[in-house]
Amino acid sequence: MSDLQNAYYQAQLNELQRQKRSRRWRRLMWVTVLVLGAAALFGLLQPASLSPSSSAKAIPVVRIGGEIGPKTSLHALTLSLEKAFTMPAPAVILSVDSPGGDPTMAQRIKARLKFLRAQHPEKKVIAVCERLCASAAYMIAIQADEILAGPYSLVGSIGAIITYTNFADLMQRIGIKHTAYASGPYKAMLSPFMPASEYDERKARDIVTKMGNIFTEEVKQRRSATRDKNIDTGEIWTAQQAMELGLIDRIGVIEDVAFGDFNGSIPVVIEVRESAWNSIVGSAAQIFVDTLTKDSLEVR
């Protein structure tokens, strides 16, 4: 075999080896990407510099955000709260950023907070109102020992509301008639397909008034500074106005609490996530249920 042939075959061998190394590196790169993606998806990556084991003391922060209702994962929130309360920290911060929603869900969150506080009486609970802390969200915030709001935050909307949409006039114009046979005078109350009667409106106002009174009384029991204030107007107030009304204790953000109140501690968000599969199945099921049970009547 000539030197030229040897050089040719050697060049081919070198090329095959180069391609093999290239394929190996590509596989390694894809495996790395998949592992990092899976770790991020399942919440396995934690910021090491902010972990409770770091030299700086950590103050756990639990987020309560978005509309409070069926889409709120009570299980995930409970796991996050439990982890926060068991951390070696003197306080737990609730980061509340929500327009409100379902008062029953807010009461369930309140009950779980009450249970954890009974187990850890040494822990101080501080609620920090972020952009918006209104209605059912404020109902949760008042369970804390202290409430703060940022200088640009909005707080309030204490009260109750019933909303519904009525299509009776439209149906009449296009020749559609709707009939309901109800066992009682209020069984079909506020049906979107029939004009609201005087009795319907009177009953709805009575419900709203009573529910609003319950909310107002709960606020005044938890926040003694509000007892001589007119807080049941349903208004949203600035942080300064909310402090004057006694709805919050002071103006500040999470960093003011962690760095100022607890000697330069680091606020660490505690978020225990459900498995991706459970989340996907739960979301699909919730969409299906929402589609079946969607109603034009909303109480919050």
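# Questions about one chain

Guide: This protein chain has 9 helices and 10 strands, where helices are DSSP runs of H or I with at least four residues, strands are runs of E with at least two, and both are numbered from the N terminus. The model is a predicted one, in which local features need pLDDT of at least 70 and side-chain atom pairs count only at pLDDT 80 or more, while totals for chains, interfaces and linings use all residues. Residues are numbered from 1 along each chain as its sequence is written, and side-chain values use heavy atoms, with hydrogens and water left out.

Visitor: What makes α2 roughly parallel to α3?

Guide: The axes of helix α2 (residues 74-86) and helix α3 (residues 103-119) come within 11 Å and cross at roughly 25°. That angle makes α2 roughly parallel to α3, because angles under 35 degrees count as roughly parallel, over 145 as roughly antiparallel, 65 to 115 as roughly perpendicular and the rest as oblique. The axes are lines fitted to C-alpha atoms, for helices over the stretch in contact, and the angles run from 0 to 180 degrees between N-to-C directions.

Visitor: How do you know that α2 and α3 meet, and which residues do so?

Guide: Contact means heavy atoms within 4.5 Å, and by that rule L74, L77, T78, L81, E82 and F85 in α2 meet M105, R108, I109, R112, L113, L116 and R117 in α3. The residues of this contact divide into 8 nonpolar, 1 polar and 4 charged.

Visitor: Why is Q143 called buried?

Guide: Q143 has a relative accessible area of 9%, a value below the limit for buried, so the name applies. The place of Q143 is in the loop between α4 (136-141) and β4 (146-149). Not counting residues up to four places away in sequence, Q143 touches K110, L113, R117, E218 and R222.

Visitor: What makes the approach of Q143 and E218 a polar contact?

Guide: The side chains of Q143 and E218 are joined at 3.4 Å, and a polar contact is a pair of N or O atoms within 3.5 Å; within protein, one must be able to donate a hydrogen and the other to accept it, and residues adjacent in sequence count only if both atoms are side-chain atoms.

Visitor: Is S265 buried or exposed, and how do you know?

Guide: S265 has 3% relative accessibility, and on that value S265 counts as buried. S265 lies in the loop between α8 (254-261) and β9 (266-269), where its side chain reaches the backbone oxygen of F262 at 2.6 Å. Leaving aside neighbours within four places in sequence, S265 is in contact with K57, I59, A258 and F259.

Visitor: Why does N263 count as exposed?

Guide: N263 is placed in the loop between α8 and β9, and its relative accessibility of 75% lies above the limit for exposed, so that is the name N263 receives. N263 also has a positive phi of about 55° although it is not a glycine.

Visitor: Why is S157 called partly exposed?

Guide: S157 has 22% relative accessibility, which falls between the limits for buried and exposed, so S157 counts as partly exposed.

Visitor: Why is E67 called exposed?

Guide: E67 has a relative accessible area of 53%, a value over the limit, so E67 is exposed. E67 lies in the loop between β1 (58-65) and α2.

Visitor: How much of the protein chain is buried?

Guide: Buried residues make up 33% of the 300 residues in the protein chain.

Key: Ala, Val, Leu, Ile, Met, Phe, Trp, Tyr, Cys and Pro count as nonpolar, Asp, Glu, Lys and Arg as charged, and the others, Gly among them, as polar. Buried means under 20% relative accessible area, exposed over 50%, partly exposed in between (1.4 Å probe, protein chains only).
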